[in-house]
Amino acid sequence: MFARVNSFGVQGLSGFAVTAEADISGGLPQFSIVGLPDSAVKEAADRVRSAAKNLGFAWPASRITVNLAPARLRKTGPVYDLPVLLALLCASGQLPSLDERFAFVGELSLNGALRPVTGMLPMALAAAKAGVTHLFVPAENAAEAAAVEGLTVLGAADAAQVAAHLRGEAQLAPAPRRPFVPAGGPDVPDFADVRGQLAARRGLEIAAAGGHNLLMIGPPGTGKSMLAKRMPGILPPLTQEEAVECTSICSVAGLLPAGSGLVGQRPFRSPHHSVSAAALAGGGANARPGEVSLAHNGVLFLDELPEFHRDALEVLRQPVEDGKVTVSRAAATVTYPSRFILLAAMNPCRCGYFGHPTRACTCTPSAIEAYRRRVSGPLLDRIDLHVEVGPVQYSELAGSEKGECSADIRKRVVAARAVQTARYACDGIRCNGELSGQLLRKYCQPDAAAAALLQAAFDKLGLSARAYDRILKVSRTIADLAGCEQIGAAHLAEALQYRSLDRKYWYDK
């Protein structure tokens with residue numbers, strides 16, 4: 001007796017079709033699972049046997065072989081419990097043959113209840129692409145899978161409900177597809193609470209408007225971390241495409257709350273400086289996404305940047321430059337998206353008071369240089385804006401006047417992003433921060449005065465080619481915020497002042 005049931009697995013952010021084939025033949029009772037399973041899949045034999053007995057199904061006293069095809073792809077996790085059980089029930093004649101357009105995913109508990117699984121959204125996307133019409137999933141995964149168009153998602157609390165539906169005894173209700181509505185202003189602190197720091201506020205606005213990386217440099221207590229935590233409040237709302245990407249990553253990483261649909265807010269990740277290189281880039285036995293991917297379409301904030309391990313910081317080079325990261329492990333090699341705004345903060349020296357107007361720095365020149373060198377030049381080159389954050393004056397702290405609120409800043413950011421979306425509609429990019437190559441030359445042409453200023457700055461500061469490109473990108477964003485079609489000298493001059501670490505006087509304060 002033979003039966004097959006459709007299912008799906010996930011590798012990286014890509015779902016793939018899996019067929020659970022069950023064969024019941026004569027011989028001594030034995031249950032084996034083949035098809036390149038990992039240990040969690042092999043343990044399905046015990047879960048399926050207990051679930052079948054506790055649900056009142058007859059367990060075949062025969063030789064049982066289950067194959068998870070295709071055998072060339074490694075099967076990981078407990079997602080195949082439900083299809084394995086149904087394949088056995090069909091092979092033993094306890095269930096009718098199943099429609100080829102049906103697919104099943106779910107982990108079984110010993111009493112037959114269905115537990116939620118990770119990676120449901122990528123599997124649902126693959127199911128819709130493969131022509132599946134009905135996808136049976138655990139009830140807690142139904143809202144996530146129902147975000148996929150053209151797919152009828154049926155959530156069940158246990159395998160008995162699935163069996164009753166397949167027999168025609170009690171029909172499961174399709175999960176409603178919720179329309180995607182991006183969240184409003186995130187529930188984060190407001191920029192109105194920030195006193196002073198006009199340069200830093202302006203830098204953050206530019207970074208949000210163009211998708212640029214930003215580094216804040218200043219003494220302790222000047223508000224660098226406070227400013228960074230307000231960054232999500234001025235970012236533009238997620239598009240549906242971006243929401244699907246963010247939700248897929250959270251789902252694979254197991255960070256999506258049970259019963260939730262598409263993520264509505266941009267991520268903000270802030271790992272501790274003791275984080276390892278593998279935790280940043282991704283890894284583990286199954287090559288799970290790291291912080292750079294969890295921050296995709298959002299912000300990755302690194303506080304006390306020089307305190308991070310050198311190898312961890314160097315891992316950031318490829319994701320910052322390419323917008324993706326490739327994780328290679330023995331089990332698999334996967335590529336995750338990692339298009340994020342890198343937001344970092346650091347002190348100017350180890351004691352923190354180099355360049356402070358009232359407090360003396362206790363570090364030697366060599367110690368200051370060594371501290372700054374803990375962040376490599378190639379990584380600094382990949383940061384578009386270097387903003388100096390100085391001490392706040394007493395009059396600003398004690399005054400009653402509030403700063404501009406996040407909602408007003410966000411309106412300007414959204415307007416600038418709308419201009420960029422229209423400009424790059426046919427170019428496959430979303431914002432100025434993603435410009436490169438021919439597109440950079442096409443859209444970032446300065447006028448004559450701006451070109452002369454840029455040449456003078458390039459010769460005097462000894463800028464690298466990458467720094468040259470990033471100055472043009474920032475100038476393009478400043479021009480967009482000002483509503484100008486061409487980059488002018490004023491836009492370029494402002495962009496140049498955000499390259500603090502390229503100016504020699506920074507070391508001579």
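A pocket is an open set of points, on a 1 Å grid over the protein atoms alone, where a 1.4 Å probe fits and where protein lies on both sides within 12 Å along at least five of seven lines; a lining residue has an atom within 4 Å of a point. Rolling a probe the size of a water molecule over the atoms shows where empty space is left.

The model on the screen is predicted, so that local features need pLDDT of at least 70 and side-chain atom pairs count only at pLDDT 80 or more, while totals for chains, interfaces and linings use all residues. Residues are numbered from 1 along each chain as its sequence is written, and side-chain values use heavy atoms, with hydrogens and water left out.

**Stop 1: the second largest pocket**

Select V10, T76, G77, N286 and R288, which lie nearest the centre of the second largest pocket among its 24 lining residues. The volume of this pocket is about 400 Å³, where a volume is the space filled by probe spheres set on the grid points, joined across faces, edges and corners. Strand 1 (2–11) and strand 16 each supply at least two lining residues, and strand 1 gives the most, with 3 residues. Helices (H or I, at least four residues) and strands (E, at least two) are DSSP runs, numbered from the N terminus. By class the lining comprises 12 nonpolar, 8 polar and 4 charged residues. Here Ala, Val, Leu, Ile, Met, Phe, Trp, Tyr, Cys and Pro count as nonpolar, Asp, Glu, Lys and Arg as charged, and the others, Gly among them, as polar.

**Stop 2: strands 15 and 16**

Next, select residues 333–337, which form strand 16. V334 and Y336 are on the covered face of this strand, whereas T333, T335 and P337 are on the uncovered one. Strand 16 pairs with strand 15 (residues 324–328) in the antiparallel sense over 5 bridges; two strands pair if DSSP finds at least two bridges between them. To see one of these positions, show T326 together with its bridge partner in strand 16, T335.

**Stop 3: the largest pocket**

Move to G211, V320, R339, G433 and E434, the closest to the centre of the largest pocket among the 30 residues that line it. About 510 Å³ of space lies in this pocket. Colour helix 13 (317–322), helix 18 (437–443) and helix 20 (465–482), each of which supplies at least two residues of the lining. Helix 20 gives the most, with 4 residues. The lining has 13 charged, 9 polar and 8 nonpolar residues.

**Stop 4: the nonpolar cores**

A nonpolar core is a set of buried Ala, Val, Leu, Ile, Met, Phe, Trp, Tyr and Cys residues joined through side-chain atoms within 4.5 Å. Buried means under 20% relative accessible area, exposed over 50%, and partly exposed in between (1.4 Å probe, protein chains only). In soluble globular proteins, nonpolar side chains tend to be buried together.

Select F31, V66, L68, F104, L135, V162 and L166, which touch the most other members of the largest core, a set of 65 residues. Helix 3 (residues 81–91) gives the most to this core, with 9 residues. Apart from it lies another core, of 47 residues, among them L235, V299, A450 and L472.

Now centre the view on L68. Leaving aside neighbours within four places in sequence, the contacts of L68 (heavy atoms within 4.5 Å) include V18, I33, V41, Y80 and V84.

**Stop 5: a buried serine**

Select S248 in helix 9 (residues 240–253). S248 is buried, with a relative accessible area of 5%. Not counting residues up to four places away in sequence, S248 touches L13, L121, P122 and L125.

**Stop 6: backbone features**

Show the backbone from A69 to P70, where the peptide bond is cis, with omega near 5°. P70 lies in the loop between strand 4 (63–69) and helix 3.

Continue to Q197, in the loop between helix 6 (159–167) and helix 7 (198–210). Phi of Q197 is near 55°, a positive value in a residue other than glycine, and Q197 counts as buried at 12% relative accessibility. E304 also has a positive phi, of about 55°, although it is not a glycine. E304 is in the loop between strand 14 (299–302) and helix 12 (310–315), and counts as partly exposed at 27% relative accessibility.

**Stop 7**

Finish with the open sheet of 5 strands, which has the order 11-14-17-10-18 and parallel pairing. Its edge strands are strand 11 (268–269) and strand 18 (385–388), each pairing on one side only. Strands 11 and 14 run parallel and are joined by 2 bridges. Select R269 to find L300 of strand 14 opposite.
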